[in-house]
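Let's work through a few exercises together. Have a look at the sequence and the model first, then try each task before reading its solution.

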Amino acid sequence: MAEEALLEYLHSEIVNYILTKENNKENDLSAIEYIGYSTGYRIIERLTRELIRFKDELDTMKFICTDFWTSIYKKQIDNLRTNHQGVYVLQDNAFRFLTHLSSGSQYLEHAPKYVAFTCGIIRGSLANLGITSTVTAEVQTMPSCKFHIQVTRT
């Protein structure tokens, strides 16, 4: 329980620190996303250290939705969808960093700053596993969040 509260407080302070810096007048979320990227890159390295390589991209995404997500957020992703052409949508119906915000529509404009870190975590973990991607988040109703992953083919 204490470690869960620590993650939430740390996340809140990172968001607050980055957004209140004097040189961040436009509320640039790239610094938050980069912190998430480096965090995800390191976490996935530890989690997969003793696992065999994943057989394909879908197998990797399933691991992200189950074991990886559980290690960070203490629950699995609620839904994984794909078009089998490099687009994946991960849906969390009670996203941890949004559950403590009010569910009113007036707070939707603040949601991007609370999901940027997780977009970075997903992108960093996939990068470490050899999958280059672009990750965006969509929040239509609080506290539900959809993470859209577009795999970049090289």
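**Exercise 1.** Work out how many helices and strands the protein chain has, and what pattern they follow along the sequence.

*Solution.* Start with the count: the protein chain has 4 helices and 4 strands. Here helices (H or I, at least four residues) and strands (E, at least two) are DSSP runs, numbered from the N terminus. Next, read along the sequence, and you get α-α-α-β-β-α-β-β. Before going on, note that this is a predicted model, where local features need pLDDT of at least 70 and side-chain atom pairs count only at pLDDT 80 or more, while totals for chains, interfaces and linings use all residues. Residues are numbered from 1 along each chain as its sequence is written, and side-chain values use heavy atoms, with hydrogens and water left out.

**Exercise 2.** Find the order of the strands in the open sheet, and say which are the edge strands.

*Solution.* Step one: the open sheet has 4 strands in the order β1-β2-β4-β3, with antiparallel pairing. Two strands pair if DSSP finds at least two bridges between them. Step two: β1 (79-82) and β3 are the edge strands, since each pairs on one side only. Step three: from one strand to the next, the twist averages 20°. Now for the bridges: 6 of them join β3 to strand β4 (residues 145-151), and 6 join β2 to β4. To spot some partners, look at T134, whose bridge partner in β4 is Q150, and at A137, whose partner there is F147. Finally, β3 and β4 form a hairpin with 6 residues between them.

**Exercise 3.** Which helices sit against these strands?

*Solution.* Take helix α3 (residues 57-73) to begin with: it packs on the sheet and touches β1, β2 (87-92) and β4. Touching means contact, that is, heavy atoms within 4.5 Å. The direction of α3 makes about 15° with that of β2. Then comes helix α4 (residues 111-128), which lies across β3 and β4 and runs at about 155° to β3. Such angles run from 0 to 180 degrees between N-to-C directions, with axes as lines fitted to C-alpha atoms, for helices over the stretch in contact.

**Exercise 4.** Sort the side chains of β4 by the face they point to.

*Solution.* Along β4, C145, F147, I149 and V151 point to one face and are buried. Buried means under 20% relative accessible area, exposed over 50%, and partly exposed in between (1.4 Å probe, protein chains only). For the whole protein chain, buried residues make up 38% of the 154 residues.

**Exercise 5.** Is S133 buried or exposed, and what is S133 in contact with?

*Solution.* Second, check its relative accessible area, which is 8%, so S133 is buried. Third, list its contacts, leaving aside neighbours within four places in sequence: R123, L126, I149, Q150, V151 and T152.
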